[in-house]
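Hi there,

Here is the structure I promised to pass on. Please have a look at it first, and then read on for what turned up.

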Amino acid sequence: MIQYYNWLPQLEAFDEVDCIKNEIAIFTYSDIVGKLSDEVYKTLTSPHKFDFFMLMMRTQGSAVIKVDMVEHQLHAPCNLIKLAPGQIVSVESHSEDFDATVMILSQNFLESLLVYINGSIPLRIGSRMESITHIGDQERSMLEIFVRAVRHILNRKENPFRLQVIQHVIMAIFYSSEQVRKIDGNEPPRSNADVLSKEFLELVKDNFRRERQLQFYADKLCITPRYLSRVVKECTNSSAAEWIERYVILEARALLKSTNMTIQQISDELNFPSQTFFGKYFKRRVGVSPKEYRRKG
């Protein structure tokens with residue numbers, strides 16, 4: 001199984017990391033990478049998942065990272081990396097002078113923000129967010145100011161309301177951003193279909209290794225499989241079956257590339273009736289057999 005990892009408790013031990021326990025942490029990559037234990041560094045450079053949100057703004061040097069098995073080159077002046085819980089991530093390589101500002105946000109912290117934001121700004125699910133984006137000089141300057149402000153607030157440990165202050169700073173940045181200004185103010189608030197699709201994707205993330213039938217997810221949501229498929233397609237541009245398949249294949253590819261598990265063990269891990277069935281399922285969707293995929297490196 002791809003390792004699920006929580007960096008927060010380990011990072012909080014470093015003086016170079018500004019944080020509020022289990023909620024938010026900000027640090028400079030070069031300040032802490034040399035101080036990580038061998039186990040943590042190995043996890044960082046191998047495919048892994050984590051249970052928090054991460055923003056990383058490259059400041060110098062270059063790096064190669066993989067997100068959900070897709071390779072990304074980081075070398076442009078304004079690369080911004082956005083990672084969500086459950087994505088498969090690995091740092092393949094980086095130059096000696098590579099550096100970045102890193103912010104980690106717990107799911108609880110971000111969800112508390114969405115309580116306020118979703119009240120007035122409609123957020124739809126759509127396709128998965130872009131992991132790597134290129135920001136302009138103005139946005140970069142705003143982010144740098146924001147990071148300095150948040151680090152200053154975090155260092156004011158005598159203030160019992162640091163978390164609330166940071167939440168309001170983030171909301172101010174959000175509402176002043178170009179992306180929010182582009183949203184049509186007449187767009188209706190989130191519909192029941194959006195909420196249903198979000199619940200479906202959460203169920204898939206938790207159950208795809210064992211459950212691939214639409215009936216299971218429809219029963220959990222107390223709707224028919226036909227209605228589930230129609231709603232998910234309308235909201236995400238992919239069918240419910242395609243989402244389930246996407247999670248299964250992504251996990252299979254990651255296990256083949258990053259573990260020593262046999263193909264039979266991977267087949268069992270993903271609850272296929274046999275290795276042969278798994279092989280046919282994989283080849284039909286990827287184009288090569290699991291053995292060939294692993295051999296290609």
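In α11, the residues Glu 245, Val 248, Ile 249, Ala 252, Arg 253 and Leu 256 meet Phe 278, Tyr 281, Phe 282, Arg 285 and Val 286 of α13, where a contact means heavy atoms within 4.5 Å. By class, this contact of α11 with α13 has eight nonpolar, no polar and three charged residues. For those classes, Ala, Val, Leu, Ile, Met, Phe, Trp, Tyr, Cys and Pro count as nonpolar, Asp, Glu, Lys and Arg as charged, and the others, Gly among them, as polar.

Before going further, please keep in mind that this is a predicted model, in which local features need pLDDT of at least 70 and side-chain atom pairs count only at pLDDT 80 or more, while totals for chains, interfaces and linings use all residues. Residues are numbered from 1 along each chain as its sequence is written, and side-chain values use heavy atoms, with hydrogens and water left out.

Back to the helices. Two packed helices are described by the angle between their axes and the distance between the axes. The axes of α11 and α13 come within 11 Å and cross at roughly 105°, which makes α11 roughly perpendicular to α13. The axes are lines fitted to C-alpha atoms, for helices over the stretch in contact, and the angles run from 0 to 180 degrees between N-to-C directions. Angles under 35 degrees count as roughly parallel, over 145 as roughly antiparallel, 65 to 115 as roughly perpendicular and the rest as oblique.

Leaving aside neighbours within four places in sequence, Ile 249 is in contact with Tyr 281, Phe 282, Arg 285 and Val 286.

How does α11 sit against α10? The axes of helix α10 (residues 225-236) and helix α11 (residues 240-258) come within 7 Å and cross at roughly 75°, so these two are roughly perpendicular as well. Here Leu 228, Ser 229, Val 232, Lys 233 and Thr 236 in α10 meet Ala 240, Glu 242 and Trp 243 in α11. The residues of that contact divide into four nonpolar, two polar and two charged.

Now for the aromatics. The whole structure holds 10 aromatic pairs; rings of Phe, Tyr and Trp (its six-membered ring) pair if their centres lie within 6.5 Å, with planes under 30 degrees apart counted as stacked, over 60 as edge-to-face and the rest as tilted. One of them joins Tyr 29 and Phe 98, edge-to-face at 5.4 Å centre to centre and 70° between the planes. Tyr 29 is in helix α2 (residues 29-32) and Phe 98 in the loop between β9 (89-94) and β10 (99-106), 69 residues apart. Tyr 29 is buried at 8% relative accessible area, and Phe 98 is buried at 6%.

Another pair is Phe 282 with Tyr 293, whose ring centres are 5.5 Å apart and whose planes are at 70°, so this pair is edge-to-face. Phe 282 belongs to helix α13 (residues 275-286) and Tyr 293 to helix α14 (residues 290-295). Both Phe 282 and Tyr 293 are buried. They are part of one aromatic cluster with Phe 272, Phe 277, Phe 278 and Tyr 281.

Two arginines lie over ring faces: Arg 212 over Tyr 281, at 5.9 Å from the ring centre, and Arg 246 over Trp 243, at 4.3 Å. The test asks for NZ of Lys or CZ of Arg within 6 Å of the ring centre and within 35 degrees of the ring normal.

On the backbone, Met 69 has a positive phi of about 70° although it is not a glycine. Met 69 lies in the loop between β6 (63-67) and β7 (70-74) and is buried, at 12% relative accessible area.

For the overall picture, the chain has 14 helices and 11 strands, taken as DSSP runs (H or I of at least four residues for helices, E of at least two for strands) numbered from the N terminus. Buried residues make up 45% of the 297 residues.

Happy browsing!

Terms used
Buried means under 20% relative accessible area, exposed over 50%, partly exposed in between (1.4 Å probe, protein chains only).
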